Amino acid sequence: MDDFEQKSTAFVDWLRSSAGATVSDKISLHDLRHRGAGRGVIAAQDIHEGEVLFSIPRKAVLSAANSALSSALPQVVDDVDPWQALILAMIYEYLRGSETPWKPYFDILPAHFDTLMFWSDQELSELQASAVTEKIGKDDANVTFRENLIPLIRRHAKVFFPSDNGTSVNDHELLELAHRMGSTIMAYAFDIEPESANKNVDEEGYASEDEDEALPKGMVPLADMLNADADRNNARLHHGPGALTMEAVSDIKAGDEIFNDYGALPRSDLLRRYGYVTPNYAQYDVVEVSTQLIAEIVQAEANLADEELQEKLDYLADQDLVESGYDITGIPSEEPESAFSPEMCLLLASLVLPNKDFQRMKSKGKLPKPDMTPQMARLLEQIIAKRAAEYPTSLEQDKTLAATDVSDIRKSMALAVRIGEKEILEQAHALLQSISQGSESAKRSAPGGDSGFQKKRKTA
């Protein structure tokens, strides 16, 4: 038995004996490194929908509240956000070495990541014009770690380093440790709902993003060993009063892998957060178009003065419609125009309104209809074309490259991301062409030759 298997066995033994977890004999932890998946959970026997696969006591969750740090420095833990609190708790427990009750758990957590936080500038350049490079947040994380967490750890060196007061660990090593723990949380942690749920949820049971962000973060042993799959998701974590339970949401055959699901994440975010890509998440790919690019195209096309453009953007911002960018999704077979968000269409429709019509609309506190008009389609064609031109290689070139042997795993993953984005842009351009060409044909054959956009705008 190699070191990898020994650590897996020790971890499962710890779960059952020390952590107080209940683990079904119908599942087992497997070495899936041969397919680049690290560890994974496999069904050892047939499993029926609704069966409990394992149950983890809340006290076994690695969280700020469960860490001894919350007793040693309660005010410090309370004064930082849930994300920083868990990073501090994990650093504290990790530095305790064999003294931490989570030692067998730390032993199976990764020390190295392929998430974008750890890519070099050269490797990131392979993502080309993907907007995901603006969302990595490494600079912000460095500021937080250097200006907040590391000084905090140094101020309480006797707590974090009881034996040597921190002299054996320099600030660079602490920074690397903070990044390691932050990336571990990004890839593995769960939002831990309270024992008695008190969140405001909508009709489908979802809480607002603000409420989810306020939830404490926690590392749930074994639950985070499940790999994720958008198509084969067959298990789900439930937050009970005394424990967190993983339950089968469908029948699972012996020998099949047990999968969790990350939700509708594009492959760019899958790579950013978890460090891998898979074709099963291609259905969620998006391309982000910046508001700046949209405004530049519309201003040139409609010959808008800077003052008029800014007034419109300010009004739309007051209506909570201005974002840094807008996602274009893959073209759905039903309602293909829904690939363009209503917010983006509202932005375009408002910017192209003649100033007199805009002033009348503004005085009434209203917004235009976000219909996909011929003018809208023509503007979006230009926007799509300029967005596609930001990528230095074409879709055809990338597909040719992907057909060859790309031995560099990070380059291969970047290639998959940018191919998915370029495919969306190509599909969007074809759809917009069909809309604008169809409307032009209708206009030429119609008496009077008036465009559909003009008629809609006059009667809006």
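**View A. The buried residues of helix α1.** Helix α1 has as its buried residues Phe4, Ser8, Phe11, Val12, Trp14 and Leu15. Looking down the axis of α1, these buried residues fall within an arc of 160°, so they line one face of the helix. An α-helix has 3.6 residues a turn, so residues three or four places apart point the same way. The model shown here and in the other views is predicted.

**View B. What α1 packs against, and how it starts.** The buried residues of α1 pack against the strands β1 (22–23), β2 (27–31), β3 (39–43) and β4 (52–57), and against helix α5 (103–108). At the start of α1, the backbone nitrogen of Phe4 has a side-chain oxygen of Asp2 within 3.2 Å. Helix α1 covers residues 3–17, which is 15 residues; at 1.5 Å a residue it should span 21 Å, and its end C-alpha atoms are 21 Å apart, which agrees.

**View C. An open sheet of 3 strands.** The strands are arranged in the order β5-β7-β6, with antiparallel pairing. Strands β5 (62–63) and β6 (190–191) are the edge strands, each pairing on one side only. Between β5 and β7 (residues 217–219) there are 2 bridges. Leu62 has Met219 in β7 as its bridge partner. Helix α4 (residues 82–95) lies across β5 and β7, and runs at about 35° to β7.

**View D. Ser341 in a loop.** The loop that holds Ser341 is between β13 (325–329) and α14 (342–351). Ser341 has a relative accessible area of 16%, and is therefore buried, the cut-off being under 20%. Leaving aside residues up to four places away in sequence, Ser341 touches Tyr326 and Asp327.

Terms used:
Residues are numbered from 1 along each chain as its sequence is written. This is a predicted model: local features need pLDDT of at least 70, side-chain atom pairs count only at pLDDT 80 or more; totals for chains, interfaces and linings use all residues. Side-chain values use heavy atoms; hydrogens and water are left out. Helices (H or I, at least four residues) and strands (E, at least two) are DSSP runs, numbered from the N terminus. The expected span of a helix is 1.5 Å times one less than its number of residues. Buried means under 20% relative accessible area, exposed over 50%, partly exposed in between (1.4 Å probe, protein chains only). The arc is that of the directions from the helix axis to the C-beta atoms. Contact means heavy atoms within 4.5 Å. A polar contact is a pair of N or O atoms within 3.5 Å; within protein, one must be able to donate a hydrogen and the other to accept it, and residues adjacent in sequence count only if both atoms are side-chain atoms. Two strands pair if DSSP finds at least two bridges between them. Axes are lines fitted to C-alpha atoms, for helices over the stretch in contact, and angles run from 0 to 180 degrees between N-to-C directions.
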